[in-house]
Amino acid sequence: MFRVMLIVGVRPQFIKAAPLLRLLDEDEEVELQLVHSGQHYDYEMSKLFFKELGLPNPIENLGVGSGSHAEQTAHILLRVEKVIEKYEPDVVMVFGDANTTLAGALAAVKLHTPVAHVEAGLRSWDMKMPEEVNRVLTDHCSQVLYAPTETAVRNLRREGIPDSKISLSGDTMYDLLLKHMTDIEKSDILRRLSLDGEDYALMTVHRAENVDVPKRLSNIISAVLKLDGLKIVFPIHPRTRNRLKEYKLMKKIKEAKHIIPTDPLGYFDVLKLIKHAKTILTDSGGMQKEAFILKTPCITMRDRTEWIETVTLGGNFLVDADEKRILYAVQRVIENPEIKDRLKATPNPYGDGRASEKIIKDLKNRWCSGRLDVSKVPIIF
């Protein structure tokens, strides 16, 4: 049996892993070992997605919870090490750029267990972002790197990673979205929120560089408060809710008649909202991509993005946490419906919807041929 351990811990990782988990769970040659770090410990951010996506139960939930980047990464590293020693996987698969990603990769490689990084090669070129640090370090200690796009492949080559370690797979999030288009349309979230057609925008904000800096979060909320001619659906991340209360901003949001604050929403509800919105305001990496795939203009409240294709192909506008730029971008999108029409004709750079199949086939071939042996792979400095 080929023992494959997948380590997840945050919402985007549940989504990226879901189509792989399904295929691995059905594969008679594979022993699936799913480990949940507990990085997202809120029910709405974790169990809801497991239930909605039909994911198998983890063999271990490490219950790490919150903490600083150093604390969280250290706790995951310590606990994952024990889990790898206990279950002896042939390969550890990590996803994206969370603290769970880096900790899982480091624990595995130090135990001489091969690491496969799904969604490798993304770069924002901003090492102030903890996610950028995580993804770069993970790429350079992994034995096989599954890159979702040609841009990601070029980034890895530019950093000296040999072609033998790189596989252009496509994007597993795209696989999942295609599989669940019917479920997305069945969502009744528009009715529940009393929304009519595309008369609203969807906003999410959760990154530390935005919500933990009072000035930046205040700028974002100030801009949204001025968009009183447009309904704003605002699912509030637990971290963001705490900061809004701390900075005395929650009262303003509740008093604004055009803002619809909600608890975190399920996967299908969020995608239904993205698909039918006039625009998206977000600092989420995954939502930038989901908006692009669903042909909805995205306004990203960051000054850089790892999903550069969404910008170069005209579907994503970087505005940072700048009130004037946010307002200008929203006005531009609303007054130019041809932006959305143009997106509908834009080619998709994220593969053919079969990334998960390609990854599993490639991984099994590497294992059978001995190419996952850590000792046989040169380290490039």
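Reply: M93 touches V4, M5, L6, I7, L20, A116, V118, I359 and L363, setting aside residues up to four places away in sequence; touching, or contact, means heavy atoms within 4.5 Å. This is a predicted model, where local features need pLDDT of at least 70 and side-chain atom pairs count only at pLDDT 80 or more, while totals for chains, interfaces and linings use all residues. Residues are numbered from 1 along each chain as its sequence is written, and side-chain values use heavy atoms, leaving out hydrogens and water.

M93 belongs to the largest nonpolar core, which has 69 residues; together with L6, L273 and L363, M93 touches the most other members. Helix 1 (residues 11–26) gives the most to this core, with seven residues. Apart from this core lies another one of 32 residues, including A201, I221, V224 and M301.

A nonpolar core is a set of buried Ala, Val, Leu, Ile, Met, Phe, Trp, Tyr and Cys residues joined through side-chain atoms within 4.5 Å. Buried means under 20% relative accessible area, exposed over 50%, and partly exposed in between (1.4 Å probe, protein chains only). Helices (H or I, at least four residues) and strands (E, at least two) are DSSP runs, numbered from the N terminus. In soluble globular proteins, nonpolar side chains tend to be buried together.

Strand 4 (91–95) also has a helix across it: helix 3 (residues 69–87), which lies across strand 1 (2–8), strand 2 and strand 3 as well.

Key:
Axes are lines fitted to C-alpha atoms, for helices over the stretch in contact, and angles run from 0 to 180 degrees between N-to-C directions.
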